[in-house]
Amino acid sequence: VAGYVKVFSLDDNIALDVQNEFSNELKSAKGVWIEFEILPNSSLFIVNDIMGFINDNCDENCEVIFGTAINENLVENSIKCKILFTGLV
């Protein structure tokens, strides 16, 4: 099991950060759980972009589960991302 928690600025290339840090986990995980914490007025387009990247780079048999939660304590223009990879070999 490997995990990852980070608060990103929406100006960052979040998908590139995930790729650089977890490309091996994405390729070999049997399951991926992801939770995004966003501000109430945040667009879900960034969540869609990250999930598209993850789905494109996971094994086709990997089960991906994700959700979103509102966090009013985040800094403006940011998103908190929690990722858990399971079944790593």
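## Core, strands and salt bridges in a predicted model

Trp 33 is a residue of strand E2, where strands (E, at least two residues) and helices (H or I, at least four residues) are DSSP runs numbered from the N terminus. The structure is a predicted model, in which local features need pLDDT of at least 70 and side-chain atom pairs count only at pLDDT 80 or more, while totals for chains, interfaces and linings use all residues. Residues are numbered from 1 along each chain as its sequence is written, and side-chain values use heavy atoms, with hydrogens and water left out.

With a relative accessible area of 37%, Trp 33 is partly exposed; buried here means under 20% relative accessible area, exposed means over 50%, and partly exposed lies in between (1.4 Å probe, protein chains only). Not counting residues up to four places away in sequence, Trp 33 touches Ile 65, Lys 82, Ile 83 and Leu 84, a contact being heavy atoms within 4.5 Å. Trp 33 and Glu 63, although 30 residues apart in sequence, are 8.4 Å apart in space, C-alpha to C-alpha.

**The nonpolar core**

In soluble globular proteins, nonpolar side chains tend to be buried together. A nonpolar core is taken as a set of buried Ala, Val, Leu, Ile, Met, Phe, Trp, Tyr and Cys residues joined through side-chain atoms within 4.5 Å. The largest such core holds 25 residues, of which Val 32, Ile 34, Phe 36, Ile 54, Ile 79, Ile 83 and Phe 85 touch the most other members. At least two residues of this core come from each of strand E1 (2-9), helix H1 (14-28), strand E2 (31-38), helix H2 (45-57) and strand E4 (78-86), and H2 gives the most, with six residues. Phe 85, leaving aside its neighbours within four places in sequence, is in contact with Val 1, Ala 2, Phe 22, Glu 25, Leu 26, Ala 29, Gly 31 and Val 32.

**Strand pairing**

Two strands are said to pair if DSSP finds at least two bridges between them. E1 and E4 run antiparallel and are joined by eight bridges, and within E4 it is Cys 81 that stands opposite Lys 6. E2 and E4 also run antiparallel, joined by seven bridges, and Glu 37 has Lys 80 of E4 as its bridge partner.

**Salt bridges**

Side chains of opposite charge can pair when their charged atoms come close. The structure holds three salt bridges, each defined as a side-chain nitrogen of Lys or Arg within 4 Å of a carboxyl oxygen of Asp or Glu.

| Salt bridge | N to O distance |
|---|---|
| Asp 17 and Lys 6 | 4.0 Å |
| Lys 82 and Glu 35 | 3.2 Å |
| Glu 37 and Lys 82 | 2.9 Å |

Because Asp 17 lies in helix H1 and Lys 6 in strand E1, their pair ties together parts that are 11 residues apart in sequence; Lys 6 is partly exposed, with a relative accessible area of 30%. Lys 82 lies in strand E4 and Glu 35 in strand E2, so this pair ties together parts that are 47 residues apart in sequence. Lys 82 is partly exposed, with a relative accessible area of 23%, and Glu 35 counts as partly exposed at 21% relative accessibility. The pair of Glu 37 in strand E2 and Lys 82 in strand E4 likewise links distant parts of the chain, 45 residues apart, whereas Glu 37 counts as buried at 11% relative accessibility. Glu 35, Glu 37 and Lys 82 are linked in a network of salt bridges.
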